Amino acid sequence: MAPQDYNQEVPGLEYFTPQHLQSPGTVATADTSKPIPTLFKPLKIRGTTLRNRIIVAPMCQFSTASHGPATGALTDYHIATLGHYALKGAGLVFIEATGVQSNGRISPNCPGIWSDAQIPALRRVSDFIKSQGALSGLQLAHAGRKGSTCASWIAGTQRTQGGKRKVSVRADTDVGGWPSNVVGPMGGEEWSWDGSKLSDENGGYWAPRALSEEEIAELVQDWAAAAERGFKAGVDVIEIHAAHGYLIHQFLSPLTNQRTDKYGGSFENRVRVLLEIIQAIRKVIPDTMPLYLRISSTEWMEETEEGKKHGSWDVESSIRLAKLVPGLGVDLLDVSSGGNHPRQRLNPFDTKDYQTRIASRIRQELKKDGLSMLIGAVGLITEAEQAREIVEEGGAVAPRTADEGIDKEAEAAVGMTEPRNGAEPMADVVLVARQFMREPEWVLKVAWQLGIDVAWPNQFLRVRFPPKL
């Protein structure tokens, strides 16, 4: 072949970037003597194919403009960060929680897709992710009562009157916030996320106002419009963020939703807004486009005074919800936990891998009912003791050391997606967040640790890890 045949450009971009000889993160050899772990096998979901089962979970970066014509629009910063994860082999890279309404952002510096003006910037980021062989995903969100707060590092610089570092800082109008338009299922100071009054200087959240039924109807349509914009921007996958105490989670939980209309009270009423959003989105995106759903499988409030009085969103609630959504067009359930109440009491079944076990249980319950939906296990595989428990099922574990870190992470990732002892795998895909921030090449390191020969980016072939002996 002529030299130019090895340096083809990715078509459809306004700049040159080379087409990789083989998509990074895919198995590079045809050697069948060693079985390929499921983690590195492609996965087809509707009209998309993940090159491996490792997904970069959405991570807030607080790095978009808070005012002016570029408010909420992604920037080249997002190409630099998200694009690097795609370059280094991740199967799907999610863009962080993106507001479907301007008041749906967590902070004034969070992205949004409530306007057509935000489409070109989203397309630019999505196009680069895809040019590196990964799929691009967009997590649609509304922060609800957790909105109009400042970037996390701003909170980290503030202290309470008692000298403790603040968890959250309210964003007022002078920094682009919307204190009078923070919304939730319920309204009033007692419904702020931390329960603090406005006069309490230690408080980090605004008091929400309750959404009317008319506003909820508008909200549902705004979710659909945002999803349609995502499709127009070339995004491959849409995810609905219904976890971590944001607006949809606030509606799901009897702790934060004590409405007396059709959106509150019974389980059926509390899940209504989510089901309406799912249906509205599926109507406007193509049948070939996957729809994911992220939930908090439990809010860890069962053993608290509040939970015993009002009830809470727990694993049984999540199983019940999980059985409703496949028929509405949800393809993958992204299973996380917590975030809806400051007094959550974590009780992870005396193990460190509680989210993985919950994901596995939901998967088993769906199988029992003959329902088909993929399950994603969220993170928490970067601690050596946790990784060992996932793979070895219990026993005393030693603290992580630098030498054993990547091998335990690799074992854990494989352990989640591989059938063991004739049983179903815990999950179909693995979602990893902060570890990618520490090590963008995490996929390549995991493959090397497992002895799997995967393709590297053209530009990095000269520094490719030598075969593991």
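Predicted model: local features only at pLDDT ≥ 70, side-chain atom pairs only at ≥ 80, totals over all residues.
Is Cys150 buried or exposed? I started there, and Cys150 turns out to be buried, at a relative accessible area of 15%.

**Cysteines**

I went on to look for disulfides and found zero in the structure. For Cys150, the closest cysteine sulfur is in Cys110 at 11 Å, too far for a bond. Cys60 counts as partly exposed, at 32% relative accessibility.

**Strand E5**

Next I looked up E5, residues 135–141. Seven of its seven residues are buried, so the strand is largely enclosed by the rest of the structure. I sorted the side chains by direction: Leu135, Gly137, Gln139 and Ala141 point one way, while Ser136, Leu138 and Leu140 point the other.

Then I asked what E5 pairs with. E4 (residues 92–99) runs parallel to E5 over six bridges, with Thr98 standing opposite Leu140. Between these two strands the chain passes through helix H2 (residues 119–131), and the β-α-β crossover is right-handed. E8 (residues 237–242) is also parallel to E5, joined by four bridges; there, Gln139 has Glu239 as its bridge partner.

**Helix H12**

I checked H12 (residues 405–417) for length: its 13 residues reach 19 Å from first C-alpha to last, close to the 18 Å expected. Twelve of the 13 are buried, so this helix is largely enclosed too. Among the buried ones I noted Asp407, Lys408 and Glu409.

**Salt bridges**

My search of the whole structure gave 21 salt bridges.

- Arg46 and Asp331 have their closest N and O atoms 2.8 Å apart. They sit 285 residues apart, Arg46 in the loop between E1 and E2 and Asp331 in the loop between H9 and E10. Arg46 is partly exposed at 31%, whereas Asp331 is buried at 14%.
- Arg320 meets Glu268, also at 2.8 Å. This pair joins H9 to H6 across 52 residues. Arg320 is partly exposed at 43%, and Glu268 is partly exposed at 44%.
- Asp369 and Lys323 meet at 3.1 Å, N to O, and are 46 residues apart. Asp369 is partly exposed at 45%, as is Lys323 at 29%.

Definitions and conventions: Residues numbered from 1 in each chain as written. Heavy atoms only, no water. Buried < 20%, exposed > 50% of the residue type's maximum accessible area, 1.4 Å probe, protein only. Pairing = 2+ DSSP bridges. Right-handed = clockwise from strand over helix to strand, strands pointing away. Expected span 1.5 Å × (residues − 1). Disulfide = S-S within 2.5 Å. Salt bridge = Lys/Arg side-chain N within 4 Å of Asp/Glu carboxyl O.
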